Amino acid sequence: VPPCRYGIAHFYDLVPVKDTQDLIEKLRQELVEAKLQARVKIANEGVNGWITGPLGEVESYCERLKSDLEVFAATDFKISPCSRAELSRGVKV
């Protein structure tokens, strides 16, 4: 069985988001630049969604979110392998 090349990171965190519009724009730009696919919901009460793409890149991006953005500092990203068919199409934040 060949190793899985793709991954999906699910996350959900009830954490205050001060500037939702700023976070939406930042994530939208970063995800497109990183060539990852995602479905993310941002509200004043928290964040949830998933990010898909090449497994190593998904893992790296989630680590970067945790270290670079305070809102994700305590977020528990559940990362697992997935098939190409399970990848999201595009970015929706």
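Leaving aside neighbours within four places in sequence, T75 is in contact with F11, D13 and K66, where contact denotes heavy atoms within 4.5 Å. The side chain of T75 also makes a polar contact of 2.9 Å with the side chain of D13; a polar contact is a pair of N or O atoms within 3.5 Å, of which, within protein, one must be able to donate a hydrogen and the other to accept it, residues adjacent in sequence counting only if both atoms are side-chain atoms. T75 is located in the loop between α2 (55–68) and β4 (78–82), and its relative accessibility of 1% places T75 in the buried class. Buried means under 20% relative accessible area, exposed over 50%, and partly exposed in between, with a 1.4 Å probe and protein chains only.

The structure is a predicted model, in which local features need pLDDT of at least 70 and side-chain atom pairs count only at pLDDT 80 or more, whereas totals for chains, interfaces and linings use all residues. Residues are numbered from 1 along each chain as its sequence is written, and side-chain values use heavy atoms, with hydrogens and water left out. The mean pLDDT (the predictor's confidence in each residue, from 0 to 100) is 93, and 97% of the residues reach 70 or more. Helices (H or I, at least four residues) and strands (E, at least two) are DSSP runs numbered from the N terminus.

Five strands form an open sheet of mixed pairing in the order β4-β1-β3-β2-β5. Its edge strands are β4 and β5, each of which pairs on one side only. Two strands are taken to pair if DSSP finds at least two bridges between them. β1 and β3 run antiparallel and are joined by eight bridges, with Y6 opposite P54 in β3. β2 and β3 are likewise antiparallel, joined by seven bridges; a hairpin connects β2 to β3 through two residues, and A43 stands opposite G46 in β3. By contrast, β2 and β5 pair in the parallel sense over two bridges.

Both helices meet the sheet. α1 packs on the sheet and touches β2, β3 (46–54) and β5, its direction making about 175° with that of β2. α2 lies across β1 (6–13), β3 and β4 and runs at about 150° to β3. Axes are lines fitted to C-alpha atoms, for helices over the stretch in contact, and angles run from 0 to 180 degrees between N-to-C directions.

The largest nonpolar core has 23 residues, and those with the most contacts inside it are L23, L27, L31, I42, I51, L65 and F72. At least two residues of this core come from each of β1, α1, β2, β3 and α2. A nonpolar core is a set of buried Ala, Val, Leu, Ile, Met, Phe, Trp, Tyr and Cys residues joined through side-chain atoms within 4.5 Å. Residues up to four places away in sequence not counted, L27 touches V40, I42, Y61, L65, L69, F72 and V93.

K41, in strand β2, has a relative accessible area of 63% and touches G46, V47 and N48, residues up to four places away in sequence not being counted. K35, in the loop between α1 (20–33) and β2 (37–43), is exposed at 65%. Although K35 is not a glycine, its phi is positive, at about 60°. Most residues other than glycine have a negative phi.
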